[in-house]
Amino acid sequence: MNQTGTKSKKGLLQLIKNAFAGLSQCEEIDLKESYHLHGTKVKVPIHCYPLQINLPPDGKALHLYPESLTNAIDNSCNSNSFIVFDPETYYKQICGFFRVGDGEKLVIGSQDKERQRTFLNMQPKFSDYVFSITNEDGNLIFRDYSPKAGSCMSPLLKDKKMMRVATWRRKKLKRIAKLFNGEIAALEKDRALNLIQDVNRIMENEAFREKDRDGNPGGIVRLPDDMAPFIIGDLHGRVDNLLVILSQNGFLEAMELGKACLVILGDAVHSEEEGRFHEMDSSILIMDIIFRLKQQFPQQVFYLRGNHDGFSDEIAKGGVAQGLLWKKALNKIRGKEYRKEMERFYDLLPYVAYSEQMVCCHAAPPTSKTKPELLVNIKSNPGLIKELCQNRLQKPNRPGGYTKGDIKRFRKLFNLSADVPVIVGHTPITLDNTLWSNVGDIENHYVVYGGYDQWIGVMTRLGDKMYPLTYPVEPLLDYINSLAE
């Protein structure tokens with residue numbers, strides 16, 4: 001073997017030796033009281049109680065909690081996933097957090113510094129300090145990379161602190177029950193008609209929309225820059241997914257204060273579950289919920305039109321004519337007058353929403369040349385409507401799809417900078433996720449999809465930028481109704 005090969009082999013052996021040495025130095029402890037780390041690593045068996053981590057140099061506190069699910073609200077522990085957040089802001093406002101799932105590692109200090117400063121309120125001086133949390137094989141492994149300053153971990157064993165996240169969520173769920181007057185269920189016929197008529201009156205003069213040349217609300221919503229948007233994609237009848245978003249973070253409270261707005265990227269109706277394409281009850285219920293939200297928050301809830309928002313015979317899934325079935329179901333259950341009001345609602349919908357921090361629509365940016373006046377007067381341009389509601393990313397088998405250049409022009413249309421996210425729904429990239437970043441290798445281009453049964457994604461503004469967050473889907477409908485009882 002030549003000298004270079006010998007050196008390489010010795011280097012490899014040294015790396016393996018160091019790795020095993022590191023494992024042997026990992027002390028296993030059962031954390032029952034405060035524990036200081038000084039350039040060391042410890043392994044802690046996973047328990048259901050939370051921990052506080054204090055970081056140098058001034059003891060910045062972070063909390064690590066088991067991710068609370070509805071059936072964990074009664075003190076049971078059913079998740080191997082943990083969330084890390086700043087307890088000073090987490091319960092008070094829309095804010096970020098980090099999830100450490102099974103097999104995952106979070107490194108604080110050296111990775112994703114901008115997001116850590118925003119989510120955890122870390123100051124720039126923490127950039128040189130490194131602390132890691134690994135969730136592995138039923139243990140949490142904590143490593144402190146600073147032998148001088150050191151960090152401290154403490155279990156939060158008092159009942160009030162142990163249950164703080166669960167109590168916080170329970171209050172939110174009760175708040176939702178109260179918001180919907182004690183029951184979330186499909187409305188009886190007359191009440192449903194009165195509701196949609198009220199919503200359509202709101203839509204005729206919807207806030208933040210310029211009128212078109214005929215005096216009707218135009219195709220663009222210009223959101224105020226001091227109102228933080230939170231954006232979800234195609235729900236396709238998944239009521240629990242919507243309720244999860246309303247019961248997480250500070251979204252609902254911020255809407256109540258007029259500081260945030262919900263933007264739904266269309267296609268709330270028509271199940272995409274295999275074997276349930278014919279089912280329309282969930283579509284009726286989710287639209288009742290959205291209408292009640294719009295009635296309660298006329299300037300904080302916006303719905304952009306999607307390709308499933310109508311009664312066309314072209315609206316189909318798996319060979320099932322969902323558009324026609326939707327029309328038939330509304331005629332039968334709610335009556336023709338209600339169905340006409342739904343048609344009126346669709347006709348009143350905007351197609352694009354934007355602010356200084358983002359621009360979004362249902363499916364795709366325009367591929368044809370356009371300008372804001374054409375978007376305001378979009379009803380007279382069916383080709384533009386089709387582009388916004390039905391197009392997809394360009395592929396070899398889809399040469400007419402949108403491209404990086406179309407994304408760039410879409411931003412420029414509203415005088416937005418290159419780092420402003422362009423957010424669409426319509427086309428989930430895989431069947432097992434809810435939110436994708438830099439889609440098509442296009443920076444700051446996101447797809448958010450709300451119809452997945454395991455996770456629900458949301459794009460929201462934290463500070464002066466938009467960030468993606470995801471939450472586990474939970475069976476909330478019956479739980480919230482049980483709270484009302």
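Visitor: Why is Gly237 called buried?

Guide: Its relative accessible area is 10%. Buried means under 20%, partly exposed lies in between, and exposed means over 50% (1.4 Å probe, protein chains only). The value falls under 20%, so Gly237 counts as buried. This is a predicted model, where local features need pLDDT of at least 70 and side-chain atom pairs need 80 or more, while totals for chains, interfaces and linings use all residues. Residues are numbered from 1 along each chain as its sequence is written, and side-chain values use heavy atoms, leaving out hydrogens and water.

Visitor: Where is Gly237 in the chain?

Guide: Look in the loop between β14 (228–232) and α6 (239–247). Helices (H or I, at least four residues) and strands (E, at least two) are DSSP runs, numbered from the N terminus. Gly237 and Gly451 are 214 residues apart along the chain, yet their C-alpha atoms are separated by 7.6 Å.

Visitor: What makes Arg409 and Asp406 a salt bridge?

Guide: Their closest N and O atoms are 2.5 Å apart. A salt bridge needs a side-chain nitrogen of Lys or Arg within 4 Å of a carboxyl oxygen of Asp or Glu. The pair is within that cut-off, so it counts. Both residues lie in helix α13 (residues 404–413), 3 residues apart, about one turn of the helix. Asp406 is buried, because its relative accessible area is 4%. Salt bridges that share partners also join Lys172, Arg175, Glu253 and Glu256 into one network. The structure holds 23 salt bridges.

Visitor: Are Glu206 and Arg209 buried or exposed?

Guide: Glu206 has 5% relative accessibility, so it counts as buried. Arg209 has 10%, so Arg209 counts as buried too. They form a salt bridge, with the closest N and O atoms 2.7 Å apart.

Visitor: What makes a positive surface patch here?

Guide: Lys92, Lys158, Lys160, Lys161, Arg164 and Lys171 form it. The elements giving two or more residues to it are α3 (159–162) and α4 (164–179). Patch residues have over 30% relative accessible area and no salt bridge, with like charges joined within 9 Å. Areas come from the Shrake-Rupley method. Lys and Arg count as positive, Asp and Glu as negative; His and the chain ends are not counted. A charge is placed at NZ of Lys, CZ of Arg, CG of Asp or CD of Glu. Lys158 has 64%, so Lys158 is exposed. Lys158 sits in the loop between β11 (151–155) and α3.

Visitor: Which residues form a negative surface patch?

Guide: Asp102, Glu104, Glu136 and Asp137 do. Asp102 is in the loop between β7 (98–100) and β8 (105–108). At 55% relative accessibility, Asp102 counts as exposed.

Conventions:
Patches are made of residues with over 30% relative accessible area and no salt bridge: like charges are joined within 9 Å, nonpolar side chains (Val, Leu, Ile, Met, Phe, Trp, Tyr) within 5 Å. Accessible areas come from the Shrake-Rupley method with a 1.4 Å probe; for residues, only the protein chains shown count as cover.
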